[in-house]
Amino acid sequence: MDERVKRALQQWPDVPDVYGWLALDARGRWLLRGEPISNLKLIDFINRNYARQDDGGYAFQNGPQKVHVALAMTPWVAELCRPAGETLDFRVHTGEAISAVQAVYLSDGGHLILQTAQGPALVRESALAELLEHFTDRHGEALAGEPLEAALAAPQAHGLQLRLTPQQGLPVQPLQDEQMEPVLGFIRQPQQRES
């Protein structure tokens, strides 16, 4: 969080929170009242001051005012840092490198989600094609064609894994879209509390 934001919080601690203005879409774009934000300095400011809240929601601290973020999918959107090689390196939409992938989920809606040190991150659709060669069976053997399609349809039954490095693969766990928030521990649509 920016120092000037911290100072503003100390100076004006009782500014009311804002709901319904800021959203994060499934491509990692910030939306202000439904319209994509294009100002790069504003995007950078939001990125630096965006964080998880104690209740599991996510918010942008705009000086003394907390702006709660409505999420299209997950609080983070992941993309590959460079073309997929032997080791998969991801970063989130704010530009921060993902330091550790702890679990991999495939939702019933076909979304690949990483549980990371930062929190749950939806893998951008544009990265999925590059990841196909990194799916293996439980023995580390590469999957392609029909065997890969069958494994993607029933990941646990086929022992589907995502190979993150030549030495490490994580099992791909199925996840129902409606179970995403309780299983991964976040709030998609923060609501103003009654006073």
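Start by selecting Gly63, which sits in the loop joining strand E5 (58-62) to strand E6 (65-71). Keep in mind as you click around that this is a predicted model. Colour by accessibility and Gly63 counts as buried, because its relative accessible area of 13% falls under the 20% cut-off.

The largest pocket holds about 260 Å³ of space. Its lining is made up of 15 residues, and to find the centre, select Asp17, Tyr19, Asp55, His68 and Arg193, the closest ones to it. Which classes make up this lining? Colour by residue type and you get 3 nonpolar, 7 polar and 5 charged residues.

Then move to the second largest pocket, with about 150 Å³ of space. Select Val18, Trp21, Leu22, Leu32, Ile37, Leu42, Ile46, Phe60, Asn62, Gln65 and Val67 to show its lining. Keep the class colouring on: here there are 9 nonpolar residues, 2 polar ones and no charged ones.

Switch to cartoon to see where that lining comes from. Strand E1 (18-24), helix H2 (40-48), E5 and E6 each put in at least two residues. Which element gives the most to this lining? That's E1, with 3 residues.

Technical notes: Residues are numbered from 1 along each chain as its sequence is written. This is a predicted model: local features need pLDDT of at least 70, side-chain atom pairs count only at pLDDT 80 or more; totals for chains, interfaces and linings use all residues. Side-chain values use heavy atoms; hydrogens and water are left out. Helices (H or I, at least four residues) and strands (E, at least two) are DSSP runs, numbered from the N terminus. Buried means under 20% relative accessible area, exposed over 50%, partly exposed in between (1.4 Å probe, protein chains only). On a 1 Å grid over the protein atoms alone, a cavity is a set of points where a 1.4 Å probe fits but cannot get out, and a pocket is an open set with protein on both sides within 12 Å along at least five of seven lines; lining residues have an atom within 4 Å of a point. Grid points are joined across faces, edges and corners, and a volume is the space filled by probe spheres set on the points. Ala, Val, Leu, Ile, Met, Phe, Trp, Tyr, Cys and Pro count as nonpolar, Asp, Glu, Lys and Arg as charged, and the others, Gly among them, as polar.
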